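Okay, thanks for coming, everyone. Let me put the sequence and the model up, and then I'll talk you through a couple of spots.

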Amino acid sequence: MSAGAALPRRLPPLAGLAALAAVPLVGLGNYHLHLAITILIWGFVYTAWSIMGRFGMVSLGHGAFLGIGAYVTAMLWNAFGLAPWIGIPIALALAVLMAFVIGYPCFRFRIVGHYFALVTLALGEVVRLTIVALRDHTGGSLGMTVEGVAGGTSLLALQFGDRGAFFYLALAVWLGGLWVWRLVDRSMLRYALEAASEDEDAAASIGVDVTRAKLAITMLSAAMTALGGALYAQYQLYINPETVSGIGISLQIVFAVIAGGLYVQAGPTVGAVITLLLAETLRVAVGHDVHGLDGTIYGLLLVLFIIYMPQGVSGFALALWRGLRDGGARRADAGAAAR
Amino acid sequence: MMLEVANLTRRFGGFTAVSRVSFALEEGEILGLIGPNGSGKSTTFNMIAGMLRPTEGSIRFAGEEIGGLKPVEICHRGIGRTFQIPRPFRRLGILENVVTAAYFGQRERVSRARAQAQAEEALALVGLPADPRAEVAGLGAAGLKKLELARALATQPRLLLADESLGGLDESEMDQAADMLGRIRRDKGITIIWVEHIMGVLMRVVDRVIVLDHGEKIAEGTPRAVAEDPKVIEIYLGAERVAFAGDRPA
């Protein structure tokens, strides 16, 4: 393909990127900038989950990796003054190690489907309970505050008093997540995992090392999720066990990705927009008076999505658009095939 | 010797599915492995393919012991297999199914371009189009068997284990499939073990036949000799007589 032909195709994403980069410059105000940053961080986390979730490896415990990313980074900073530039790689390494320790026996002994989901569900809770139990170091269920630097901004501490600056950091990480998603999508690892997700014996018979392929994607997903957790901690400068680990957040990740679209690059980000809008609308409309209402509505919506829109909003929109675009051509094809 | 199987035995609890079966295979040979249902041919096949661990005995491939190795390792050593009921990857396209096999199925790493070329070659050999958009859903029974074969061939095997490849095909499709196995041996020099329970069309293509019954080898020889062996006639015709007796009330 020549550069001339490639340009028009790349134009929409480039224009979109330019528009995103301009977001902090147009004077949105703190509230909307905060929403934008939140969407980018969670969009990244959901993308991280979806790169393994799309192969039928449904983890209900990604809060474990999120929690490790957030707490390890924050604790290293608070306790030892270790900058996130060192703390984050350590947190990522620990998350990857945990993914390996949990993943290897699961994949080696073919724990798939519901059973895999149950193992991960337990994992998410174990990390939450561990954080609560280590209250002398983590602040327990009250959460912990990441110690702020004087003046609020320090590149070394990865803290930015200015929301605009943090927006660019979150944007870069989010774009990195989309790039990894694409890389996996185009890799032979995807073929191996698609094959393994359908029939492990048949995949093994053509030389696919199923355990290794699954471990690779799980460790990648864990590392990305932990990075998302660390980023969240650096942004909020406050974390607690409920928001970054345990069942609640783990299930929210799953809900968001299914609602947004599991098999589309932009799907998890669309999911982040949906969940955030939902949460904000509920907060404004009913406040915190009706306890558990948001969870009930999440659950209800999840059921509706799985039944009526299993490809998620973006998958549905993409299919609709392709249908409109190819409708004429496909009918012509069908006519030719019939002859 | 390409493959030497000696005293191969597999027990499931107290039941002996395969008992002290021995045979050998020359390079470039097509061996038919036949027997009625439950005779132990699939168990034998699965032990060679690495799906089942032998209880006793040895399997030597190209001079090395391979009994008890995992399917991935067996594939990388150069043994390809098909499944009795085709098991395609439906989330991948036809070409992608075969590219995956070429890419992962060989011991030495190959580039994607090379895997692609080998996949196209394998598809051409079985007579399926290498159309990147073609989906598995568009294939009928015969097409699925071909895909199964192409996927095994793409791993560049020296020995091909073809499991009951003709079940579910009509007569002309069976003839075509038999000719195809003959052509694979002739053009690619691949040694083949063909497991079947239909005797007819197999006899035309194979060099040698082994007959299993109740887990034991009861006959071995050229197709003609085996077809005239009283013990073979007994198990095959005996089964038919039982069936006739059941069909006709006295």
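**Domains first, then a helix pair**

So, across the interface of domain 1 and domain 2 of chain B, the rule finds 2 salt bridges, a salt bridge being a side-chain nitrogen of Lys or Arg within 4 Å of a carboxyl oxygen of Asp or Glu. Quick housekeeping: this is a predicted model, where local features need pLDDT of at least 70, side-chain atom pairs count only at pLDDT 80 or more, and totals for chains, interfaces and linings use all residues. Residues are numbered from 1 along each chain as its sequence is written, chains are lettered from A and ligands numbered from 1 in the order written, and side-chain values use heavy atoms, leaving out hydrogens and water.

Where are the domains in chain B? Domain 1 is 3-78 + 157-247, and domain 2 is 88-155; those bounds come from an automatic or database domain assignment. Their C-alpha centres lie 25 Å apart. The two bury about 1,400 Å² between them, 63% of it on carbon and sulfur atoms. That's accessible area (1.4 Å probe) lost on putting the two parts together, summed over both. On the domain 1 side, B:His76, B:Pro157 and B:Met180 lose the most, together 35% of what that side buries.

Also in chain B, B:Glu73 forms a salt bridge with B:Arg107, with the closest N and O atoms 3.5 Å apart.

Over to chain A. Helix H3 (residues 63-80) and helix H5 (residues 113-133) pack at about 30°, axes 8 Å apart. H3(A) and H5(A) are therefore roughly parallel, meaning an angle under 35 degrees.

Notes: Axes are lines fitted to C-alpha atoms, for helices over the stretch in contact, and angles run from 0 to 180 degrees between N-to-C directions. Helices (H or I, at least four residues) and strands (E, at least two) are DSSP runs, numbered from the N terminus. Angles under 35 degrees count as roughly parallel, over 145 as roughly antiparallel, 65 to 115 as roughly perpendicular and the rest as oblique.
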